[in-house]
Amino acid sequence: MPSRPFDADCIFCKIVSGTIPSACVYEDADVYAFLDINPISRGHALVVPRGHYPTLLDLPAGEGEALLSALRRVAGALMAECGCGGFNCISNNFGVAGQVVPHFHWHIVPRVDGDGLSAWPGGKYKDNAGMGQLAKSIKERAAFDCGGSI
Ligand code: 5GP
Ligand code: ZN
């Protein structure tokens with residue numbers, strides 16, 4: 001197997017390699033998952049690729065399937081154990097979005113009714129034309145070939 005990227009200064013690389021301890025809840029050949037040391041709610045877990053990829057944009061396409069599969073399995077285990085009615089999967093990418101540890105990861109945050117965890121406020125586009133124009137600019141710049149009804 002080709003060697004994976006590793007950053008000796010990265011806290012998650014240290015956790016994955018066992019240099020620092022963690023409350024592991026799941027692992028396989030590609031993915032490692034453990035409880036967050038500062039949980040938003042009971043059971044809050046982090047699901048990380050074993051390789052050091054700073055953000056989603058650095059993640060090789062082939063790693064996605066294993067991560068998604070692990071995410072689903074860990075979320076199911078949390079639902080079974082933590083008495084939660086649902087969960088949020090959140091991934092912060094880059095500092096402006098709140099990423100503190102630059103090793104790509106998903107947070108799974110168990111949720112219960114009335115837990116008081118606030119949802120993001122929903123905004124509004126001025127009109128459909130503005131929303132459609134933004135979609136057009138995004139896909140044209142990225143050369144994505146797709147349709148759309150607005
Ligand atoms: P980020 O803000 O980068 O999306 O999230 C990083 C998360 O890693 C935070 O929720 C933080 O509590 C968690 N974290 C940071 N250091 C450690 C650690 O040493 N052990 C564990 N289990 N979690 C950590
Ligand atoms: Zn790392």
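Which residues form a nonpolar patch on the surface? In this predicted model, the patch consists of Tyr125, Met131, Leu134, Ile138 and Ile150, with about 480 Å² of accessible area together. Patches are made of residues with over 30% relative accessible area and no salt bridge; like charges are joined within 9 Å, and nonpolar side chains (Val, Leu, Ile, Met, Phe, Trp, Tyr) within 5 Å. Accessible areas come from the Shrake-Rupley method with a 1.4 Å probe, and for residues only the protein chains shown count as cover. Tyrosine 125 sits in the loop between E5 and helix H3 (128–142).

Local features need pLDDT of at least 70, side-chain atom pairs count only at pLDDT 80 or more, and totals for chains, interfaces and linings use all residues. Residues are numbered from 1 along each chain as its sequence is written, chains are lettered from A and ligands numbered from 1 in the order in which they are written, and side-chain values use heavy atoms, without hydrogens and water.

The protein has 3 helices and 5 strands. Helices (H or I, at least four residues) and strands (E, at least two) are DSSP runs, numbered from the N terminus. Their pattern along the sequence is α-β-β-β-α-β-β-α.

The 5 strands form an open antiparallel sheet in the order E1-E2-E3-E5-E4. Strands E1 (24–27) and E4 (86–90) stand at the edges with a single partner strand each, so one side of each lacks a neighbour in the sheet. Two strands pair if DSSP finds at least two bridges between them. Strand E2 (residues 31–35) is joined to strand E3 (residues 45–49) by 5 bridges. Here alanine 33 stands opposite valine 47.

The model contains 5 salt bridges. A salt bridge is a side-chain nitrogen of Lys or Arg within 4 Å of a carboxyl oxygen of Asp or Glu. One of them joins arginine 4 to glutamate 63 (3.6 Å, N to O). Arginine 4 precedes helix H1 (11–16) and glutamate 63 lies in the loop between E3 and H2, so the pair ties together parts 59 residues apart in sequence. Glutamate 63 is buried, at 12% relative accessible area. Arginine 4 is partly exposed, at 23%. Buried means under 20% relative accessible area, exposed over 50%, and partly exposed in between (1.4 Å probe, protein chains only). Arg4, Asp30 and Glu63 are linked in a network of salt bridges.

Glutamate 27 pairs with arginine 50, with the closest N and O atoms 2.7 Å apart. Glutamate 27 belongs to strand E1, and arginine 50 to the loop between E3 and H2.
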